[in-house]
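This briefing is meant for a reader new to the structure. Please look over the sequence and the model first; the notes come after them.

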Amino acid sequence: MTSSTMPHLAIHDEVATALAEGRAVVALETTIVVHGLPAPHNLEVAAECEVVVRAAGAVPATIGVVQGVLTVGMGPSVLEELADPGRHSAKLSARDLGFAVATRCDGATTVAGTIAVAHYAGIAVMATGGLGGVHRGAQITYDESADLTALSRTPVLVVASGVKSILDIGATIERLDSLGVPVAGYRTSQFPGFYRRDSGFDLDWRVESPEVAAAAFAAHRNWSPTGFLIANPVDEDRQLDATVHDEALAAALAHAAASGVTGKDVTPIVLAEFARATAGASVRVNRDLVVSNASVAAQIAVVLARLSS
Ligand code: PSU
Ligand code: MN
């Protein structure tokens, strides 16, 4: 059952009850499921995220758009339908949501789209794999993910394993700085490189616990409208081998350039090429880091709910 008195929004009963009672809720995105990971990994990882969020004492709210309804919390059958290639679900950023509503389309939400809906529904924490960022060559193409600007105006704390290594990581960190989005490493002083723990870039802040992450965000949102990025690296023994990573990165970048794709099709095609070039090893790492981020997000959400009560 779902409900909501707010326009275009359907909140799953379990999520609505948790929000009404001030309990912890974690938003999960659907672009990873629909456009990021290959089947059957996509639906498996979505289910695993829900399990670890619950294990930490929070309620999962998987967010997407179903026939034009902003859907907050969906069971496995709805998610499976959304991910069905025959449904041609769109990839929806924050700016797309009005059109998605008006045309009653199906769509997966990116980080930008997910935090817009999460904030509208009253959810303050989300987990993803890697945040979108500044693409290499952006000084020519202007290709910078709307995830960054969305984070600069939406007060949601996002847990991610940095940004994908196909991006210009240094430029992304600079943009987060300019946009006033706070970034802290979770038990690390290095900005994570998605498939690898360390991108080679240092961070000004690190947090050692969910308590400190939640306290920092709870303080920050008193005077700032921005979101928050908690950068949680993949476990040491689960990261992609350095040589395998570097070779796959070169292959993925060459493939993307040769394919001529632009805009929102770039990230999906690059992730697919990474999977091919690593014989599936990148998919395993991607799964691990997404589930780990969901767990950390849930732990932070539990503390944040306590601080807010
Ligand atoms: N993390 C993953 N896989 C993904 C994404 C994140 O492990 O596919 C998605 C997120 O939805 C993010 C999007 O918002 O990639 C970035 O897309 P773009 O570069 O087109 O902004
Ligand atoms: Mn883009």
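How many salt bridges does a search of the whole structure find? The search finds 13, where a salt bridge is a side-chain nitrogen of Lys or Arg within 4 Å of a carboxyl oxygen of Asp or Glu. The model is predicted, and local features need pLDDT of at least 70, side-chain atom pairs count only at pLDDT 80 or more, and totals for chains, interfaces and linings use all residues. Residues are numbered from 1 along each chain as its sequence is written, chains are lettered from A and ligands numbered from 1 in the order in which they are written, and side-chain values use heavy atoms, with hydrogens and water left out.

- Side chains of opposite charge can pair when their charged atoms come close.
- R287 forms a salt bridge with E48, and their closest N and O atoms are 2.6 Å apart. This pair links distant parts of the chain, since R287 is in helix 13 (residues 281-308) and E48 is in helix 3 (residues 41-55), 239 residues apart. Helices (H or I, at least four residues) and strands (E, at least two) are DSSP runs, numbered from the N terminus.
- R287 counts as buried at 13% relative accessibility, while E48 counts as partly exposed at 34%. Here buried means under 20% relative accessible area, exposed means over 50%, and partly exposed is in between (1.4 Å probe, protein chains only).
- R87 forms a salt bridge with E81, with the closest N and O atoms 2.9 Å apart. R87 is partly exposed at 25% relative accessibility, and E81 is partly exposed at 43%.
- R284 forms a salt bridge with D288, with 3.6 Å between the closest N and O atoms. Both R284 and D288 lie in helix 13, four residues apart, which is about one turn of the helix. R284 is partly exposed at 36% relative accessibility, and D288 is partly exposed at 21%.
- Salt bridges that share partners also join E14, E50 and R54 into one network.

**A negative surface patch**

- Which residues form a negative surface patch? The patch is made by E174, D177, D198, D202 and D204.
- Patches are made of residues with over 30% relative accessible area and no salt bridge; like charges are joined within 9 Å, and nonpolar side chains (Val, Leu, Ile, Met, Phe, Trp, Tyr) within 5 Å.
- Asp and Glu count as negative and Lys and Arg as positive, while His and the chain ends are not counted. The place of a charge is taken as NZ of Lys, CZ of Arg, CG of Asp or CD of Glu. Accessible areas come from the Shrake-Rupley method with a 1.4 Å probe, and for residues only the protein chains shown count as cover.
- D204 lies in the loop between strand 10 (183-186) and strand 11 (206-207). D204 is exposed, with a relative accessible area of 76%.

**Helix 6**

- Helix 6 (residues 111-121) is mostly covered, with eight of its 11 residues buried. Among them are V111, I115, V117 and A121.
- At the start of helix 6, a side-chain oxygen of T110 comes to within 3.2 Å of the backbone nitrogen of A112.
- Just after helix 6, G122 takes a positive phi of about 95°.

**Around helix 5 and strand 7**

- D106 is found in the loop between helix 5 (97-102) and strand 7 (107-109). D106 is buried, with a relative accessible area of 14%.
- A polar atom of the D106 side chain lies 2.8 Å from the backbone nitrogen of Q67. A polar contact is a pair of N or O atoms within 3.5 Å; within protein, one must be able to donate a hydrogen and the other to accept it, and residues adjacent in sequence count only if both atoms are side-chain atoms.
- R104 is also found in the loop between helix 5 and strand 7. R104 has a positive phi of about 55° although it is not a glycine, and R104 counts as exposed at 63% relative accessibility.

- T141 lies in helix 7 (residues 138-141) and is exposed, with a relative accessible area of 52%.
- Y142 is in the loop between helix 7 and helix 8 (146-153). Y142 has a positive phi of about 65° although it is not a glycine, and its relative accessible area of 71% makes Y142 exposed.
- The peptide bond from A39 to P40 is cis, with omega near 5°. P40 lies in the loop between helix 2 (31-36) and helix 3.
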